[in-house]
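I opened my notebook to get to know a new structure. Here is what I looked up, entry by entry.

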Amino acid sequence: MRITDIQRCEVRPGRLVEWTLGPAAVAAATGLPEDSRPPAYIQESHIRTARSVRDDGLFVPTWLGAAFDLPGRADLDALQEALRGWTLRHETLRSGFRWSGEPGDEMRRFTLDADAVSLQREDVGDFTEPADLVRHLQSRFDVTADALRWPNLIYAAVVRSDSTSVYMAFDHSNVDGHSIHRIPAEIQELYAAAVAGRATTLAPVGSYVDFCEIERTDADRIDDSHEIVARWREFVGRCDGRLPDFPLDLGLDPDGGLPTQSLLRESLTDADTAAAFEAYCRPYGGSAVGVLAATALAVHDIGGQPVYRTVVPLHTRVKSRWSDSVGWYVGGAPIEIPMSEARDLPGALRTVRAALHANRHLARMPLARVLRLLGSDFRPTSPDLYSIVSYVDARGVPGSVRWTEQKAYGLIRVSYGDQVCAWITRLHEGLWFASRFPDTDIAHKNMRLYVERLRDVIASAVPSARPPVS
């Protein structure tokens, strides 16, 4: 799925229908006892950050979502059955948190029973102008898929005679990119089963709520003397006591508050070039290593910093039962690339491979737990703790060969932030680039240079590389 925002995902006019958890389900949740399974550290950090930023007077939407088409005019009863079945399939979607204690500093989980889950359908009406529909969807997603409320998900369908576009938005605490990629095929299978009156062919999946308990129990066993904490302490120390920013000038005003963001998204390479780059990088670990190596070379060429430091996002789905589970299964590994050892692409590939090999295991320990043990004041003032460059090969995701035909997109909310978040996705059509970054003239200039230099480095490994189709 190409990552983009709601403004650029081919929104077309039609009749809008929306689903949220019904009043009876919401009422049932208010009286639920505590679920002993705690939040994941990444969930807690995200929600506390949202509260901190909100307390500073800024509303920063951070939802993720998916958009895709179903053929023809959808059977709305069958679609509602599919959406409810999908919600039941992934336990985290019916689980939320309350603040407790004094002064409300403890997060306690509650989880709605499956038989209490109901969806309320609202026929919003016809939209004839795409811009009006986009504004409505973004506003509804901002308010409903909010970290500080529950339920924090919403489903929508735009119905037309020849096709139906489905939109789904969630607070980030319940989903990651891997989760979003799997939505179209799962909903399509559940919808087809509902229309045909048959049982679904989807196999059961593990619960992210169970994973949260397992991961947190393991994380709570370590203390500030643990080797992982020591490694992070050294890394943060070399970053001047904070987590790393993107190593290019973003034109930020230190006294200007949290800036608005902009989105850059485009094809990076065609399929042949992506395949050739993968073949070139395979002896060093593949395209994931290649993208980080190319980034190190690109930002050094632009900014000249002698060391490229970053936190690499890595999935934590270490057991097969989590493979298709919806949740936020992401950790981070710190790496440092001395550019004196990465003067060209082969040197950068070797250096990145060694750094990942040495530090990959650090991603298994939630960073929020490590920061707490470091004892430093990491009170977040931004929704992003650090900048990222993420690489995902999505070609193996069920249904991915039909994403272009189905107008399938992964949606991100571009709102406020002082960091750079870049996602490079391997699709059947090639490499796709998307990034949100501060909306300043300098950031626009340097991000454009970064993408161009990244493309150049990839092409340097592939003499026959062709420019991507715009």
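**Entry 1: a threonine in a strand.** I started with Thr4, which I found in strand 1 (residues 2-4). The model is predicted, and I kept that in mind from the start. Is Thr4 buried or exposed? Its relative accessibility is 0%, so Thr4 counts as buried, the cut-off for buried being under 20%. I then looked up what Thr4 touches, leaving out residues up to four places away in sequence. My list reads Cys9, Leu263, Arg265, Tyr409, Gly410, Leu411 and Ile412.

**Entry 2: two helices.** Next I turned to helix 9 (residues 271-281) and helix 11 (residues 345-359), whose axes come within 11 Å and cross at roughly 65°. Helix 9 and helix 11 are therefore roughly perpendicular to each other. Which residues make the contact? From helix 9 I noted Phe277, Tyr280 and Cys281, and from helix 11 Leu345, Pro346 and Leu349. Sorted by class, this contact of helix 9 with helix 11 has six nonpolar residues, with no polar and no charged ones.

**Entry 3: aromatic pairs.** How many aromatic pairs does the structure hold? I wrote down 13. A pair of aromatic rings is described by the distance of the centres and the angle of the planes, and I looked up both for two of the pairs.

Tyr155 and Phe170 form an edge-to-face pair, at 6.2 Å centre to centre with 65° between the planes. Tyr155 belongs to strand 7 (residues 153-159) and Phe170 to strand 8 (residues 163-170), so this pair ties together parts that are 15 residues apart in sequence. I found Tyr155 buried, and Phe170 too.

Phe433 and Tyr450 also form an aromatic pair that is edge-to-face, with 6.0 Å centre to centre and 65° between the planes. Here a strand meets a helix: Phe433 lies in strand 15 (residues 430-438) and Tyr450 in helix 13 (residues 441-460), so the pair ties together parts that are 17 residues apart in sequence. Phe433 counts as buried because its relative accessibility is 0%. Tyr450 counts as buried at 0% relative accessibility as well.

I also noted a cluster, in which ring pairs link Tyr208, Phe211, Trp322 and Tyr329.

**Entry 4: arginines over rings.** I found Arg2 over the face of Trp432, at 5.8 Å from the ring centre. I found Arg216 over the face of Tyr41, at 3.7 Å from the ring centre.

Methods
Residues numbered from 1 in each chain as written. Predicted model: local features only at pLDDT ≥ 70, side-chain atom pairs only at ≥ 80, totals over all residues. Heavy atoms only, no water. Axes fitted to C-alpha atoms, helices over the stretch in contact; angles between N-to-C directions. Helix = DSSP H or I, 4+ residues; strand = E, 2+ residues; numbered from the N terminus. Parallel < 35°, antiparallel > 145°, perpendicular 65-115°, else oblique. Contact = heavy atoms within 4.5 Å. Nonpolar A, V, L, I, M, F, W, Y, C, P; charged D, E, K, R; others polar. Phe/Tyr/Trp six-rings, centres within 6.5 Å; stacked < 30°, edge-to-face > 60°. Buried < 20%, exposed > 50% of the residue type's maximum accessible area, 1.4 Å probe, protein only. Lys NZ or Arg CZ within 6 Å of the ring centre and 35° of its normal.
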